[in-house]
Amino acid sequence: MTTAGDQGGPGPGRRRRPGPSIADVATLAGVSPQTVSRVSTGADKVRPQTKARVLAAMAELGYSPNRAARALRNGSFGAIGLIAHQLGRTGEAKTVEAVVEAAQQAGYTVTLVDLETPSADDVSDAVVRLNNQALDGLIIIRAETYPAAAVSFPARLPVVVSDSRFTGHHPGVGSDQTAGSRRAVRHLLELGHPTVHHLAGPVGSRPAEMRSESWRRTLRRAGVEPPPVFQGDWTARSGYEQGLLIAADDTVTAVFCANDEMATGLIRALGEHGRAVPAEVSVVGFDDIPVAAYLWPPLTTVAQDFLAIGRELVAMVVHQIDTGVAGREHRLIPTRLVVRGSTGPAPR
């Protein structure tokens, strides 16, 4: 995997020294430039002895075949671009890891751009930078903060996304956020809790919105009016800060958190206020990050299959590269509820 960035050029007043040319290789190897071209593109009709001389000349001169010319001959650069948002988050990191692994197995390298706070212009600029490096396709992981129609993509570039905002614009892959949230809320209601409070993700995040919408809809279908939302921002710190408010409210007996990090902060706040989990307050998270099983008590959560998402993203973009057919398909990867020790019957 390589990371896209600005490449340092020659300083003021200095000229870039040209590298060895195909003609230089041909002269050293004692062959025609056409023969060097055939060797560099992997053509079959080159005698083994001739090929060995050409490869030796390339190594001696430090010649690297032009990727663009090779792509014109072979129809492929062997590279996929990857744009991620806030790579430090667990879900993005695991998805990127799966994309890189699956791409390597399919014979592609991956060039990554991580945008901390993307706008439509930032993403469009990243697409241009990546496309200038010669790509066969592009994968975007959960952009969240901008509308799909505002982003410009090169014509005919295969694009696959992991973001429901792009549904109908580009083929995509995502977790079944709605079903996962519904299972979490039903689990708490079935334990006898009169209602379920919600610690939500940041405003403007589509995954956070989908989880909140499912929470609200599930309560209303059960005949329960949703209580006011506690607003977080995905971080454990926001979970702790909102958790101080939750802990002070004796009417709260069950909380569905939009991710595991916020659930971690909430559990600490409850403990500091002497409210036992799950005897007094049950807590459910979302994601099933590795630490969730080792909290005390172990966290009940909705597991997302990030590895499956990454593999499916690569499969879809490779299919586009191979066939030239994009489509508008959006595939949902199932989520599952993992019940652990942080949930229990409602207190009497």
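The crossing of helices α9 and α10 is right-handed, a term used where the near helix is turned clockwise from the far one by less than a right angle. This is a predicted model, in which local features need pLDDT of at least 70 and side-chain atom pairs count only at pLDDT 80 or more, while totals for chains, interfaces and linings use all residues. Residues are numbered from 1 along each chain as its sequence is written, and side-chain values use heavy atoms, with hydrogens and water left out.

Helix α9 spans residues 236–247 and helix α10 residues 260–272, and the two pack at an angle of about 40° with their axes 7 Å apart; the axes are lines fitted to C-alpha atoms over the stretch in contact, and angles run from 0 to 180 degrees between N-to-C directions. The pair is therefore oblique, the class left over once angles under 35 degrees are called roughly parallel, over 145 roughly antiparallel and 65 to 115 roughly perpendicular. From α9, A236, S238, G239, Y240, G243, L244, I246 and A247 meet E261, M262, G265, L266, R268, A269, L270 and E272 of α10, where contact means heavy atoms within 4.5 Å. These residues divide into 9 nonpolar, 4 polar and 3 charged, with Gly counted among the polar ones.

A second pair of helices can be read in the same way. Helix α1 (residues 22–29) packs with helix α3 (residues 48–61) at an angle of about 120°, their axes lying 9 Å apart, and that makes α1 oblique to α3. The crossing of α1 and α3 is right-handed. Here D24, V25, L28 and A29 in α1 meet R53, V54, A57, M58, E60 and L61 in α3, and the residues of this contact comprise 7 nonpolar, no polar and 3 charged.

Q177 counts as buried because its relative accessibility is 7%, the limit for buried being under 20% relative accessible area with a 1.4 Å probe and protein chains only. The side chain of Q177 makes a polar contact with the side chain of R211 at 2.6 Å, a polar contact being a pair of N or O atoms within 3.5 Å, of which, within protein, one must be able to donate a hydrogen and the other to accept it. Apart from neighbours within four places in sequence, Q177 is in contact with P207, M210, R211, F286 and Q304.

For the protein as a whole, the secondary structure comes to 11 helices and 13 strands, assigned as DSSP runs of at least four residues (H or I) for helices and at least two (E) for strands. Buried residues make up 49% of the 348 residues.

Methods. Buried means under 20% relative accessible area, exposed over 50%, partly exposed in between (1.4 Å probe, protein chains only).
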